[in-house]
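Dear colleague,

I am handing over the structure below, and my notes on its surface and charged side chains follow it.

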Amino acid sequence: MTVDVFAALASPVRREITALLLDGPRPVNDLAAHFSMSRPSVSEHLRVLRDAGLVSERRSGRQRLYRLEPAPLRELSEWLSPYERFWREKLADLRDLLDEEDL
């Protein structure tokens, strides 16, 4: 996992693009229709996602289809897992403390 993945996902637009790609590959024009920005701007966001390994691109006739690549997200999830457990335990401890005070 690289810093590129975090940088790529820091943008709300790029997070929305990845969410749109959950349903399967899409052409850039279809993705651009979801945003109030030019197609070249959406293409720039796709380039950042591609450079981070989060999407792949293939030509289909005159279109470019973009597909979500799950490997970097899986690596990110595995890296975050210990922190998720840490915070879940801390919140459970806080809940227990607050429940004791209610008695």
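Glu 44 counts as partly exposed at 40% relative accessibility, where buried means under 20% relative accessible area, exposed over 50% and partly exposed in between (1.4 Å probe, protein chains only). This is a predicted model, in which local features need pLDDT of at least 70, side-chain atom pairs count only at pLDDT 80 or more, and totals for chains, interfaces and linings use all residues. Residues are numbered from 1 along each chain as its sequence is written, and side-chain values use heavy atoms, with hydrogens and water left out.

Glu 44 forms a salt bridge with Arg 47, the closest N and O atoms being 2.4 Å apart; a salt bridge here is a side-chain nitrogen of Lys or Arg within 4 Å of a carboxyl oxygen of Asp or Glu. The two residues, Glu 44 and Arg 47, are three residues apart in helix α4 (residues 39–51), and so are separated by about one helical turn; helices are DSSP runs (H or I, at least four residues), numbered from the N terminus. Arg 47 is partly exposed as well, with a relative accessible area of 33%.

A search of the whole structure finds eight salt bridges. Among them, Arg 67 pairs with Glu 69, with the closest N and O atoms 2.8 Å apart; Arg 67 is partly exposed at 42%, whereas Glu 69, at 18% relative accessibility, counts as buried. In helix α5, Arg 88 and Glu 84 lie four residues apart, about one turn of the helix, and their closest N and O atoms are 2.9 Å apart in a salt bridge.

With regards
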